[in-house]
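Dear colleague,

Please find below the structure for your review.

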Amino acid sequence: MSQLGTTLTQYIIEQGRAQNESRGAFTALLNDVATACKRLSNLVRLGELAGVLGTAGQENVQGEQQKKLDVIANEVFIESMQHSGLLAGIASEEMDAHYPIPERYPRGDYLLAFDPLDGSSNIDVNGSTGTIFSITRHVDSSAPSDIDFQQPGSRQVCAGYCLYSSASMLVITTGHGVAGFTLDNSVGEFILSHPQIKVPRQTSEYAINASNARHWLPPEKRYVDECNAGADGPRGRDFNMRWAGSMVGDVHRILSRGGLFLYPMDAKLAAAGKHGKLRLLYEANPMAMLMEQAGGKAHTGTERILDIAPSSLHQRVPVIMGSADEVERLIGYHHEG
Ligand code: P6P
């Protein structure tokens with residue numbers, strides 16, 4: 001009989017045993033996340049054949065044109081997660097305020113914040129997209145408010161993403177390292193394929209949207225110029241640049257082979273009164289937990305991302321994350337000013 005491999009459920013239960021923690025609720029919660037991701041993986045894989053491409057003809061709270069699949073992905077996640085009795089509330093990039101669990105369902109102890117379809121501008125060109133999620137505890141039994149979601153990233157109990165690309169992969173951490181699961185469509189299970197993901201401390205690859213170069217602040221300009229100077233420059237080696245246009249695609253590559261992901265503060269964002277491009281609660285925080293759990297670092301240039309005390313549900317922050325030596329180098333440039 002062919003071996004199936006370790007399923008997500010088996011992994012969470014085994015992790016619980018190893019930590020002497022009861023993981024029943026957690027197992028059920030992550031299984032609901034996995035169900036939602038499988039449903040989205042099918043829709044993304046079918047694309048136009050499922051009639052899910054193109055714009056929804058409306059804007060989200062971020063003022064961004066919503067794709068049909070942004071709206072569908074949000075609905076799929078809520079439908080898959082709200083019934084469990086494990087969540088006290090849900091916050092999403094696609095919703096102004098948090099979604100209270102309907103009274104017909106029991107309320108649980110966890111809060112879910114998620115970006116249903118990160119990189120959705122890639123969907124119409126068959127590029128990589130993903131779902132990013134962050135789970136924290138709801139500290140009391142009353143119905144949560146938006147403020148209850150605004151917890152520092154260091155209080156996350158679970159973080160992860162599902163990458164929809166050549167394979168669909170679920171990558172998660174519960175605070176004991178990072179594991180990757182590949183979707184086996186023949187049985188409809190996420191199977192453990194990358195048990196202990198580690199980010200190399202060094203790299204020769206960086207990721208940034210180079211079209212913003214004229215807006216970069218001195219630390220980022222110095223960092224990128226030195227990388228581009230290659231073997232004859234101060235770094236003494238050639239560098240490569242990749243930009244996926246989806247944070248999930250870039251972060252997954254960096255978790256897989258090292259690199260530095262940059263969406264820093266720049267003059268254009270400052271002029272628009274923004275503190276960054278990427279959102280703290282459901283993009284920067286979950287990815288920062290994954291990076292640190294994999295031996296990388298995650299910083300804004302002035303502070304560790306997981307230490308930030310959030311001030312709003314859709315707060316934006318600068319993001320510098322990946323191979324520890326490169327994050328430390330760029331932080332050093334920020335300190336030099
Ligand atoms: P730009 C996608 O919209 C996203 O939020 C991240 O996934 C991605 O890294 C970034 O924005 C891309 O931004 O300015 O290159 O389109």
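**Pocket, cavities and a helix pair**

The largest pocket is lined by 34 residues, and Glu 64, Tyr 263, Lys 277, Leu 278 and Arg 279 are the ones nearest its centre. The model is a predicted one, in which local features need pLDDT of at least 70 and side-chain atom pairs count only at pLDDT 80 or more, while totals for chains, interfaces and linings use all residues. Residues are numbered from 1 along each chain as its sequence is written, and side-chain values use heavy atoms, with hydrogens and water left out.

A pocket is an open set of points on a 1 Å grid over the protein atoms alone, with protein on both sides within 12 Å along at least five of seven lines; a cavity is a set where a 1.4 Å probe fits but cannot get out, and lining residues have an atom within 4 Å of a point. Grid points are joined across faces, edges and corners, and a volume is the space filled by probe spheres set on the points.

The volume of the largest pocket is about 700 Å³. Its lining has 15 charged, 11 polar and eight nonpolar residues (Ala, Val, Leu, Ile, Met, Phe, Trp, Tyr, Cys and Pro count as nonpolar, Asp, Glu, Lys and Arg as charged, and the others, Gly among them, as polar). Strand S5 (110–118) supplies at least two residues of this lining, as does helix H6 (247–257); the share from S5, three residues, is the largest. Helices (H or I, at least four residues) and strands (E, at least two) are DSSP runs, numbered from the N terminus.

There are three cavities of 30 Å³ or more. The largest cavity has a volume of about 70 Å³, and its lining comprises six nonpolar, six polar and no charged residues. S5 again gives the largest share here, three residues. The second largest cavity, of about 50 Å³, is lined by residues including Trp 216, Tyr 263 and Asp 266.

Helix H5 (residues 218–229) packs against helix H9 (residues 324–336) at an angle of about 135°, with the axes 8 Å apart. Axes are lines fitted to C-alpha atoms, for helices over the stretch in contact, and angles run from 0 to 180 degrees between N-to-C directions. H5 and H9 are therefore oblique to each other (under 35 degrees is roughly parallel, over 145 roughly antiparallel, 65 to 115 roughly perpendicular, and the rest oblique).

Yours sincerely
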